[in-house]
Amino acid sequence: MFIHFRGATARHRHFMAVAISLSQSTFFSKSSIFLHRNALNSFPFPVPFSSSSALKIRTHKWSQPVGGVKMAKDDVVRDDPTNNVPDAIFSKLGMQLHRRDQHPIGILKNAIYDYFDANYSNKFDKFDDLCPIVSTKEGVLIPATMLEVGNLASKLKYQKKSRTGIQFTSNFDDVLVPPDHVSRSYNDTYYIDPQTVLRCHTSAHQAELLRRGHTHFLVTGDVYRRDSIDSTHYPVFHQMEGVRVFFPGDWETSGMDGTSYAAEDLKKCLEGLARHLFGDVEMRWIDTYFPFTNPSFELEIYFQFQEKWLEVLGCGVTEQEILKRGGKTDNVAWAFGLGLERLAMVLFGIPDIRLFWSTDERFTSQFSKGQLGVKFKPFSKYPPCYKDMSFWINESFTENNLCEIVRGVAGDLVEEVQLIDNFTNKKEMTSHCYRIAYRSMERSLTDDEINELQWNVREQVQSKLMVVLR
């Protein structure tokens with residue numbers, strides 16, 4: 001089914017010029033069901049690797065956590081063979097860019113809230129500070145002793161408590177993710193222990209909110225995925241999930257069955273949201289598959305200056321099994337999911353996802369509360385430095401593990417890690433050659449600095465991944 005809205009206004013034309021083909025999105029994604037994702041300490045751009053090259057840059061208070069969930073490091077990062085959460089990921093917990101009204105992510109979130117408030121008479125409950133620690137499956141009890149009293153434990157809103165512990169919402173089972181799906185692997189997800197993870201998507205809270213009786217809600221939060229390194233991928237990003245539940249009386253007088261009624265209402269809602277954000281753009285619906293909705297759709301927008309379609313969100317009619325688990329046996333519902341960075345990069349013309357974490361005032365001062373779509377003005381373009389690295393891989397090698405090591409060493413000074421060559425010799429040994437691009441968006445990097453980073457990367461790749469450098 002195709003929906004067309006032609007003739008974009010001048011006010012929205014600059015959005016089209018930056019409609020790049022982003023691959024980071026939401027839990028709703030045809031590529032792998034999930035769309036996946038180090039900085040040092042709490043500073044997103046670890047500038048001073050050497051005192052001689054350090055540059056004083058004015059920074060914004062965004063570097064300080066705001067509200068939401070507070071937790072001790074031991075709650076998340078542990079000396080445990082099943083724990084794969086690095087210090088850099090822990091440093092992002094509590095930053096909550098989506099709750100900062102003058103940040104592009106927060107501005108976009110509030111614009112979406114405005115649309116739902118105006119069109120649905122404030123029916124939608126909003127949640128933006130739910131705990132990012134969730135379970136891998138139903139019925140998991142986390143011992144209360146694991147959590148700091150009055151700290152994380154007191155912040156676990158809508159996560160069931162028992163006398164022996166806290167039952168976390170499920171990251172996988174509650175949304176029907178198959179037991180053997182790749183998203184459950186340690187390669188894709190940050191595990192605290194075998195039964196608890198950092199949420200991969202805001203859908204992790206859907207079933208519990210349904211059980212709590214909510215029928216219209218929006219959930220916004222930071223989500224965590226191990227992933228590749230380039231301008232559109234980052235291990236921490238932000239999503240919004242929307243759910244609306246219908247009752248038999250809603251559709252029985254319409255002459256349609258419940259599923260058709262919900263699907264029609266869903267498309268009408270999201271077409272309106274797209275116009276609210278982008279103006280009168282051309283849109284189309286693509287039929288697709290998700291395990292948690294049926295039927296399922298993707299909404300694409302055509303950006304004329306780029307002459308390409310961009311997927312902006314995924315959605316569908318919720319599977320009945322999910323509703324049953326939420327105590328809704330006679331209802332139908334729709335759900336959608338969208339990646340806030342994905343849309344913000346288009347709306348604000350932001351070319352690199354790392355910029356969202358910048359505290360440089362040359363970036364932060366460009367955005368104001370309520371000002372959606374103010375085009376970002378680049379303040380620098382420092383040259384990249386490329387370093388190649390070749391090695392013989394083993395059976396356990398994964399690119400995500402490589403990227404975790406590179407991020408762990410270089411933080412946000414690494415711009416891209418790209419496989420540029422691979423071959424298998426007569427002994428059936430496979431070699432990979434990766435090109436690492438180092439670039440700061442705030443200053444020029446020195447040769448000594450880059451060489452030191454690359455040496456550390458090579459050393460850790462060899463020792464941690466057990467590969468043979470060439």
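Student: What share of the 470 residues of the protein chain counts as buried?

Tutor: In this predicted model, 59% of the 470 residues count as buried. The chain exposes about 19300 Å², of which carbon and sulfur atoms supply 48%. Its secondary structure comes to eleven helices and 16 strands.

Student: Why is Cys403 called buried, and what is Cys385 called?

Tutor: Buried means under 20% relative accessible area. Cys403 has 0% relative accessibility, so Cys403 counts as buried. Cys385 has 22%, which lies between the limits of 20% and 50%, and therefore counts as partly exposed. As for disulfides, a search of the whole structure finds zero.

Student: Is Asp188 buried or exposed, and how do you know?

Tutor: The relative accessibility of Asp188 is 5%, which is under 20%, so Asp188 counts as buried. Asp188 is found in the loop between strand S4 (165-167) and strand S5 (191-193). Its C-alpha atom is separated by 9.2 Å from that of Asn401, a residue 213 positions away along the chain.

Student: What makes Tyr115 and Phe116 an aromatic pair, and of which kind?

Tutor: Ring centres must lie within 6.5 Å, and planes over 60 degrees apart count as edge-to-face. There are 21 aromatic pairs by this rule. For Tyr115 and Phe116 the centres are 5.3 Å apart and the planes stand at 85 degrees, so the two rings form an edge-to-face pair. Tyr115 and Phe116 are both buried. Ring pairs also link these two residues with Tyr120, Phe124, Trp334 and Phe336 into a cluster.

Student: Which kind of pair do Phe348 and Phe367 form, and what does it tie together?

Tutor: With 5.6 Å from centre to centre and 85 degrees between the planes, Phe348 and Phe367 form an edge-to-face pair. Phe348 belongs to helix H8 (residues 340-348), whereas Phe367 lies in the loop between helix H9 (361-364) and strand S13 (385-392), so the pair ties together parts 19 residues apart in sequence. Both Phe348 and Phe367 are buried.

Student: How do you know that the charged end of Lys92 sits over the ring of Trp357?

Tutor: The charge has to be within 6 Å of the ring centre and within 35 degrees of the ring normal. The charged end of Lys92 is 5.0 Å from the centre of the Trp357 ring and sits over that ring. Likewise, Lys126 lies over the face of Tyr113, at 5.5 Å from the ring centre.

Student: Why is strand S12 described as largely enclosed?

Tutor: Eight of the eight residues of S12 (residues 332-339) are buried, so the strand is largely enclosed by the rest of the structure. Val332, Trp334, Phe336 and Leu338 point one way, while Ala333, Ala335, Gly337 and Gly339 point the other way.

Student: What makes strand S8 (residues 236-246) and strand S11 (residues 308-318) partners of S12?

Tutor: Pairing requires at least two bridges. Eight bridges join S8 to S12, and the two run antiparallel; Val245 stands opposite Ala333 there. Four bridges join S11 to S12, also antiparallel, with Ala335 as the bridge partner of Gly316.

Student: Why are strands S2 (133-135) and S5 placed at the edges of their sheet?

Tutor: Three strands form an open antiparallel sheet in the order S2-S6-S5. S2 and S5 each have a single partner strand, so one side of each is left without a neighbour in the sheet. The twist averages 35 degrees from one strand to the next. Three bridges join S2 to S6 (residues 196-198), and Ile133 stands opposite Leu198.

Terms used. Residues are numbered from 1 along each chain as its sequence is written. This is a predicted model: local features need pLDDT of at least 70, side-chain atom pairs count only at pLDDT 80 or more; totals for chains, interfaces and linings use all residues. Side-chain values use heavy atoms; hydrogens and water are left out. Rings of Phe, Tyr and Trp (its six-membered ring) pair if their centres lie within 6.5 Å; planes under 30 degrees apart count as stacked, over 60 as edge-to-face and the rest as tilted. Buried means under 20% relative accessible area, exposed over 50%, partly exposed in between (1.4 Å probe, protein chains only). Accessible areas come from the Shrake-Rupley method with a 1.4 Å probe; for residues, only the protein chains shown count as cover. A disulfide is a pair of cysteine sulfur atoms within 2.5 Å. Axes are lines fitted to C-alpha atoms, for helices over the stretch in contact, and angles run from 0 to 180 degrees between N-to-C directions.
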